[in-house]
Amino acid sequence: MPPAPIRDSVAPAPAAAPVRPGATLAVTATATALVTVAYTAPTASLAATAQAAHLGASGRPWILTGTLVGVSALLLTAGSAADDHGRKRVFTLGTALFAAAEALAALAPGGAVYLAARVLLGIASAAVLAPALGLISHAHPPGPARVRALGIWGAAVGLGIAVGPLYGALVQQWAGWRAVGGGLALVSAAVAVCAAGYLTESKADRPHALDPYGVLTLAAGTSLLIAGLAEGRGGWGRPVVVALLAGGVLLLAAFAAVEARGREPMLDLALFRSPGFVAATGGALFTGLSLVGFMSYLPTLLQGVLGLSGPAAAGVLALWSGLSVLSALQARRLATHLSAATLVALGLLVCGLGEAGLYGLTPGSSWLRLAPGLAVAGIGSGVLNAALARLAVSSVPARRAAMGSGANSTARYLRFGPGRGRHDRRRRLRPGGRPGLRAGRARPGDGHRPRRPGRRRPLPPRRGAGPGGPPSGVPHPRGDARPRRAGARRPGPGPHSQAVTPGDAADLR
């Protein structure tokens with residue numbers, strides 16, 4: 001019999017993993033909403049959270065700024081790593097780290113550990129946000145399906161901003177500030193499991209080499225710049241503020257020089273010659289500068305000026321963010337008639353008109369005074385979020401989709417939070433929701449002139465009192481027979497007394 005033919009012993013190529021567009025969109029949109037929920041959750045209960053975590057007045061702004069430092073420093077790096085080493089891998093690790101950061105915040109024994117957990121939360125958020133648009137674009141080919149998916153992702157951004165303050169205020173009141181982080185840790189852990197099971201891996205055909213100098217200069221530069229903007233609330237001329245801002249600008253200039261000379265830069269500067277990339281980056285920068293930064297401060301403003309409770313202030317903010325969700329879902333109808341760059345310009349214009357309608361708020365105003373402006377700004381914000389997501393993906397090569405998403409989000413978060421003004425440091429909430437001023441200052445119209453803490457008015461002479469003061473057993477005219485040190489405040493409640501909070505004590509020191 002003839003010998004049997006020899007067969008090649010080459011194993012068949014493995015079948016490509018199935019792509020699940022619906023599951024990919026659900027997982028990435030949920031994780032994106034969680035990121036914005038985690039950032040905005042403390043905004044409606046910032047003072048209560050800071051007091052419970054034993055943070056003074058100087059540490060309170062860093063509850064938000066610490067997250068900004070982490071997310072802005074590593075967004076672009078996370079996007080490049082996702083394109084080169086796997087978007088699913090970076091995304092899944094990011095969601096797992098997100099759960100660990102929230103668990104650490106919930107179990108933090110003190111303010112230092114809590115702030116460290118917030119910075120770690122920002123790093124994890126960068127690893128979640130940067131690959132998200134790359135995963136969506138890989139699962140949805142160009143066309144109406146991708147436009148719809150990116151609109152849903154943009155709506156998830158607004159949904160997180162709507163839910164975050166309300167969730168934080170209600171959970172903090174019912175179960176305490178630790179339960180806020182604990183709940184987010186459980187949900188994000190479930191999302192990490194879903195990401196590992198349902199996402200499909202995608203990455204560039206030829207990975208780039210590591211750009212260590214670019215990573216270091218960008219991370220250090222953005223961190224110093226955000227820290228300088230945060231500390232500038234206490235005075236822009238202070239040496240520490242000038243040093244932080246100058247160091248941040250110099251390091252970012254060094255980053256640009258490194259990327260211009262590198263053979264395989266993390267950020268190809270030639271992209272700035274593309275009008276689409278410039279429109280996406282500039283639109284994201286102005287969104288964070290003029291819109292999201294102010295809206296993240298709005299709950300604190302409503303509590304301090306109008307005397308609203310935390311949940312009520314979060315509900316007012318939900319008018320803006322809720323309409324942004326609806327308009328982002330409907331933005332796909334405009335995409336068939338207008339380009340993404342045109343929609344970015346239109347969204348910015350509508351947001352500007354809405355914010356102009358917020359002008360003129362006074363302590364005697366009602367929150368209804370803000371409703372028309374918030375509604376208009378919310379509609380513009382939704383159109384803007386959907387258009388920016390679409391432009392961030394389409395303005396870069398497909399193999400660098402996560403890097404484009406990271407660059408866009410870096411511009412947005414670089415100016416997300418430092419819009420919170422000095423009002424937050426100088427004003428303190430008094431019992432009943434009315435804003436009070438710092439110690440040692442009289443309220444306007446109360447009939448008293450302000451006194452410096454070191455001066456005391458002489459006591460009026462009292463009948464029967466000796467040269468050393470009132471006789472034993474007779475109450476002192478100020479209500480306390482014991483001498484008090486200079487600058488001490490009245491111990492008992494009075495017509496002009498205020499409750500002393502840890503933030504006030506830090507200010508007094």
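**Group meeting: a first look at the chain**

The structure holds zero disulfides, a disulfide being a pair of cysteine sulfur atoms within 2.5 Å. In general, a disulfide is a covalent bond between the sulfur atoms of two cysteines. Two cysteines can still be placed. Cys351 is buried because its relative accessibility is 5%, and Cys194 counts as partly exposed, at 32% relative accessibility. Here buried means under 20% relative accessible area, exposed means over 50%, and partly exposed is in between, with a 1.4 Å probe and protein chains only.

A note on what you are looking at. This is a predicted model, in which local features need pLDDT of at least 70, side-chain atom pairs count only at pLDDT 80 or more, and totals for chains, interfaces and linings use all residues. Residues are numbered from 1 along each chain as its sequence is written, and side-chain values use heavy atoms, with hydrogens and water left out.

Now confidence. pLDDT is the predictor's confidence in each residue, from 0 to 100. For this chain the mean pLDDT is 77, and 77% of the residues reach 70 or more. Where is confidence lowest in the chain? It is lowest in helix α17, residues 502-508, with a mean of 36, while helix α4, residues 87-106, has the highest, at 95. Two stretches have pLDDT under 50 throughout. Over residues 1-14, the model has zero contacts beyond four places in sequence. Over residues 417-459, the model has 77 contacts beyond four places in sequence. Contact means heavy atoms within 4.5 Å.

Next, the overall make-up. The chain has 17 helices and two strands. These are DSSP runs numbered from the N terminus, helices being H or I of at least four residues and strands E of at least two. The chain has 509 residues, of which 48% count as buried. Of the contacts between residues at least 6 apart in sequence, 79% join residues at least 24 apart.

Let us move to one helix pair. The axes of helix α3, residues 62-85, and α4 come within 6 Å and cross at roughly 135 degrees. Axes are lines fitted to C-alpha atoms, for helices over the stretch in contact, and angles run from 0 to 180 degrees between N-to-C directions. α3 and α4 are therefore oblique to each other: angles under 35 degrees count as roughly parallel, over 145 as roughly antiparallel, 65 to 115 as roughly perpendicular, and the rest as oblique. On the α3 side, the residues making the contact include Asp83 and His85, and on the α4 side they include Arg87 and Val90.

How many salt bridges does the structure hold? There are two, a salt bridge being a side-chain nitrogen of Lys or Arg within 4 Å of a carboxyl oxygen of Asp or Glu. One joins Arg87 and Asp83, with the closest N and O atoms 3.0 Å apart. Arg87 is buried, at 5% relative accessibility, and Asp83 is buried too, at 0%. The other joins Glu231 and Arg238, with the closest N and O atoms 3.5 Å apart. Glu231 is partly exposed at 22% relative accessibility, and Arg238 is partly exposed at 30%.

Last, a glycine. Gly181 lies in helix α7, residues 177-198. Why does Gly181 count as buried? Because its relative accessibility is 6%. Beyond its neighbours within four places in sequence, Gly181 is in contact with Glu102 and Ala106. Gly181 and Ala106 are 75 residues apart along the chain, and their C-alpha atoms are separated by 4.9 Å.
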